[in-house]
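Student: Hi! Could you walk me through this one while I have it open on my screen?
Tutor: Happy to, just ask as you go.

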Amino acid sequence: LIVHSKGTIRRVDPARICYLESDRRKVSMHLMDETIQTYASIGKMADSLPKCFFQCHKSFLVNMNYIVELKKDCVLMASGEKVPVSQKRRKQMKDAFLDYIQNGI
């Protein structure tokens, strides 16, 4: 994944990304050891990421490899952070996560 950030061009391995957070036109890529910010749409980012990423909220994409626990309204990530799951996407998130655990997508 090629990312333009702070005047530089970086190559980021999608497997290192825990989750992505969108705030208007800015996307923050949360890795285990750092956060990278870039200007992009979360929809375009989703199109270029592997199937292990799921959009659990209009502003969040999670890498299911890093989910430790799925709760009703959030997911607990391996980093200890909680990522919200929208009410609209709860069932889809649960189904996608169970499928991921059972079949490894």
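This is a predicted model: local features need pLDDT of at least 70, side-chain atom pairs count only at pLDDT 80 or more; totals for chains, interfaces and linings use all residues.

**Cysteines, sheet and core**

Student: Switching topic: what order do the strands of the open sheet come in?
Tutor: Five strands form it, in the order 5-4-3-7-6, and the pairing is antiparallel. The edges are strand 5 (35-39) and strand 6 (53-57), each of which pairs on one side only. On average, neighbouring strands are turned by 20 degrees against each other, ignoring direction.

Student: Remind me, what holds strands of a sheet together in general?
Tutor: Strands pair through backbone hydrogen bonds, either parallel or antiparallel.

Student: How many bridges join strand 3 to strand 4?
Tutor: Six, and those two strands run antiparallel. Within that pairing, Leu20 stands opposite Met29 in strand 4.

Student: Is strand 3 mostly covered or mostly open?
Tutor: Mostly covered, as five of its seven residues are buried.

Student: What about aromatic pairs, how many turn up?
Tutor: A search of the whole structure finds one. Tyr19 and Phe60 make a tilted pair, 6.2 Å centre to centre with 40 degrees between the planes. Tyr19 is in strand 3 and Phe60 in strand 7, so the pair ties together parts that are 41 residues apart in sequence.

Student: Now the core. Which residues touch the most other members of the largest nonpolar core?
Tutor: The core has 31 residues, and Leu20, Met29, Val62, Met77 and Met93 touch the most other members. Among the elements giving two or more residues to this core are strand 3 (17-23), strand 7 (60-63), strand 9 (74-77), helix 1 (42-47) and helix 2 (90-103).

Student: Which residues does Met93 touch, skipping its close sequence neighbours?
Tutor: Leaving out residues up to four places away in sequence, Met93 touches Phe54, Cys56, Val62, Met64, Ile67, Leu70, Val75 and Val85. Cys56, from your opening topic, is on that list.

Student: Moving on to loops. Where does Ser59 lie?
Tutor: Ser59 is in the loop between strand 6 and strand 7. This serine is buried, with a relative accessible area of 17%; the cut-off for buried is under 20%. Apart from neighbours within four places in sequence, Ser59 is in contact with Leu20, Glu21, Ser22 and Ile42.

Student: Which phi value does Arg24 take?
Tutor: Phi of Arg24 is near 60 degrees, which is positive in a residue other than glycine. Arg24 sits in the hairpin of strand 3 and strand 4, which has two residues between the strands. Arg24 is also exposed, at a relative accessible area of 76%.

Student: And what is phi of Lys6?
Tutor: Near 50 degrees, again positive in a residue other than glycine. You'll find Lys6 in the loop between strand 1 (2-5) and strand 2 (8-11), and at 78% relative accessibility this lysine counts as exposed.

Student: Last one: where is Gly80?
Tutor: Gly80 is in the loop between strand 9 and strand 10 (82-84). Gly80 is partly exposed, with a relative accessible area of 49%. The C-alpha atoms of Gly80 and Val68 are 8.7 Å apart, and these residues are twelve apart along the chain.

How values were computed. Residues are numbered from 1 along each chain as its sequence is written. Side-chain values use heavy atoms; hydrogens and water are left out. Two strands pair if DSSP finds at least two bridges between them. Helices (H or I, at least four residues) and strands (E, at least two) are DSSP runs, numbered from the N terminus. Axes are lines fitted to C-alpha atoms, for helices over the stretch in contact, and angles run from 0 to 180 degrees between N-to-C directions. A nonpolar core is a set of buried Ala, Val, Leu, Ile, Met, Phe, Trp, Tyr and Cys residues joined through side-chain atoms within 4.5 Å. Buried means under 20% relative accessible area, exposed over 50%, partly exposed in between (1.4 Å probe, protein chains only). Contact means heavy atoms within 4.5 Å. Rings of Phe, Tyr and Trp (its six-membered ring) pair if their centres lie within 6.5 Å; planes under 30 degrees apart count as stacked, over 60 as edge-to-face and the rest as tilted.
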